[in-house]
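Dear colleague,

As promised, I am handing over the structure, with the sequence and the model placed just below. After it come my notes on what was found, which I hope you will read with the model open beside you.

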Amino acid sequence: MALPLPLPEAVALLAAFLLLLLLLLLICVIAHVTAIKMPALHRYEEEKFFINSEGRKESVPSIHDPPTKELSVVVPSYNEEDRLPLMMDEAMDFLEKRQKQDPSFTYEVIVVDDGSKDQTTKVAMKYCKKYGSDKVRVLSLVKNRGKGGAVRMGVFISRGKTVLMADADGATKFADIEKVEEGLNNLQPWPNQMAISCGSRAHLEKDSIAKRSYFRTLLMYGFHFLVWFLCVKEIRDTQCGFKLFTREAALRTFSTLHVERWAFDVELLYIAQHLRIPIAEVAVNWTEIEGSKLVPFWSWLQMGRDLLFIRLRYMTGAWQLETRKCN
């Protein structure tokens with residue numbers, strides 16, 4: 001028979017429990033009070049136009065318009081003058097070959113310069129001049145919005161029936177778009193024309209662990225646990241920057257998105273799950289490219305905070321699954 005705890009120990013245990021409860025309540029209050037219910041999707045005047053291959057301004061289209069291309073590729077870029085050319089060369093080579101094989105296939109690549117301090121826009125404009133502004137468009141943001149904000153701004157001016165999000169570093173082989181396209185097609189029939197296919201590096205986890213320090217491996221496992229515990233349970237790799245959306249899925253998810261920096265992928269998939277949008281996870285070829293903007297400890301700490309706040313803000317009603325337009 002278990003003996004009852006002495007009174008001083010019982011009081012200390014109760015005090016610790018109440019302190020923990022108070023701390024959790026305080027975190028919930030902070031998450032709720034500091035939440036911006038629906039951030040204004042403001043577009044600066046300079047962001048309402050892109051410069052075409054002839055150097056003239058053209059008004060950007062809207063995702064609310066009917067699609068006029070088969071595929072839009074959105075490439076968020078921040079200080080990517082060195083890494084962008086390799087990705088663009090590979091992507092344009094693939095897309096041009098596909099178009100030659102199938103003349104009915106049409107595409108556009110939208111490079112979103114997220115307030116870069118280097119020559120990212122200038123580098124991207126070389127491709128615009130080479131292939132024409134109907135195929136390559138460069139949207140230069142006035143201020144840095146974060147990767148999620150940059151992707152969203154590109155999605156909102158896309159013209160494709162499907163929209164691919166692809167990182168500027170070219171870490172994922174662009175030809176693997178065929179794999180995510182197959183994953184998307186396997187989800188048919190799409191409810192309300194919505195579906196998402198995510199490229200995944202989960203199959204490469206064992207190899208990556210062997211090359212990482214124990215500290216980075218610990219951070220990785222901690223992040224994966226938080227994603228699973230707080231937000232997204234069905235997708236093993238939420239952070240791979242190679243995701244394909246149907247046009248309607250892109251519109252609904254990005255119109256609801258609140259997080260604009262590194263954890264935006266998680267909120268995007270959290271929204272998709274709550275909207276019952278079918279999601280496929282497809283293995284892709286991936287190579288780590290030097291020049292990552294992530295600072296291991298602080299970036300993971302920020303993402304961990306964002307994950308907790310995503311969960312708490314939706315749970316407390318500070319954030320709602322509603323859509324809005326970009327002005």
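Predicted model: local features only at pLDDT ≥ 70, side-chain atom pairs only at ≥ 80, totals over all residues.

Although Asn79 is not a glycine, its phi is positive, at about 55°, and with a relative accessibility of 26% the residue counts as partly exposed. A second residue of this kind is Arg276, placed in the loop between α9 (264-274) and β9, where phi is near 60°, again a positive value in a residue other than glycine. Arg276 is exposed, with a relative accessible area of 73%. While you are looking at the backbone, please also note the peptide bond from Gln188 to Pro189, which is cis, with omega near 0°; Pro189 belongs to the loop between α5 and β7.

As to the protein overall, there are 10 helices and nine strands, and of its 327 residues 48% count as buried. Among contacts between residues at least 6 apart in sequence, 82% join residues at least 24 apart. The accessible surface comes to about 17100 Å², and 59% of that belongs to carbon and sulfur atoms.

Gln99 is found in helix α2 (residues 84-101) and counts as buried because its relative accessibility, 19%, is under the 20% cut-off. Leaving aside neighbours within four places in sequence, Gln99 is in contact with Phe105, Thr106, Tyr107 and Lys135. Thr238, in the loop between α7 (214-231) and β8, is buried as well, with a relative accessible area of 3%. A polar contact of 2.8 Å joins its side chain to that of Gln239, and, with neighbours within four places again left out, Thr238 is in contact with Phe223, Val227, Val232, Lys243, Asp265, Val266 and Leu269.

On the surface, Phe225, Trp228 and Phe229 form a nonpolar patch, and together they have about 350 Å² of accessible area. Of these, Phe225 is placed in helix α7 and is partly exposed, with a relative accessible area of 47%.

Finally, the salt bridges, of which the structure holds 19. In one of them Lys69 pairs with Asp134, the closest N and O atoms being 2.6 Å apart. Lys69 lies in strand β3 and Asp134 in the loop between α3 (120-131) and β5 (136-140), so the pair ties together parts that are 65 residues apart in sequence. Lys69 counts as buried at 9% relative accessibility, whereas Asp134 is partly exposed, with a relative accessible area of 40%. Both residues also belong to a network of salt bridges that links Lys69, Glu108, Asp134 and Arg159.

Another salt bridge is formed by the side chains of Glu260 and Arg152, at 2.7 Å from N to O.

Conventions. Residues numbered from 1 in each chain as written. Heavy atoms only, no water. Helix = DSSP H or I, 4+ residues; strand = E, 2+ residues; numbered from the N terminus. Buried < 20%, exposed > 50% of the residue type's maximum accessible area, 1.4 Å probe, protein only. Contact = heavy atoms within 4.5 Å. Polar contact = N/O pair within 3.5 Å; in protein donor to acceptor, adjacent residues only side chain to side chain. Patch = residues over 30% accessible without salt bridge, like charges linked within 9 Å, V, L, I, M, F, W, Y side chains within 5 Å. Areas by Shrake-Rupley, 256 points an atom, 1.4 Å probe, with all protein chains shown as cover. Salt bridge = Lys/Arg side-chain N within 4 Å of Asp/Glu carboxyl O.
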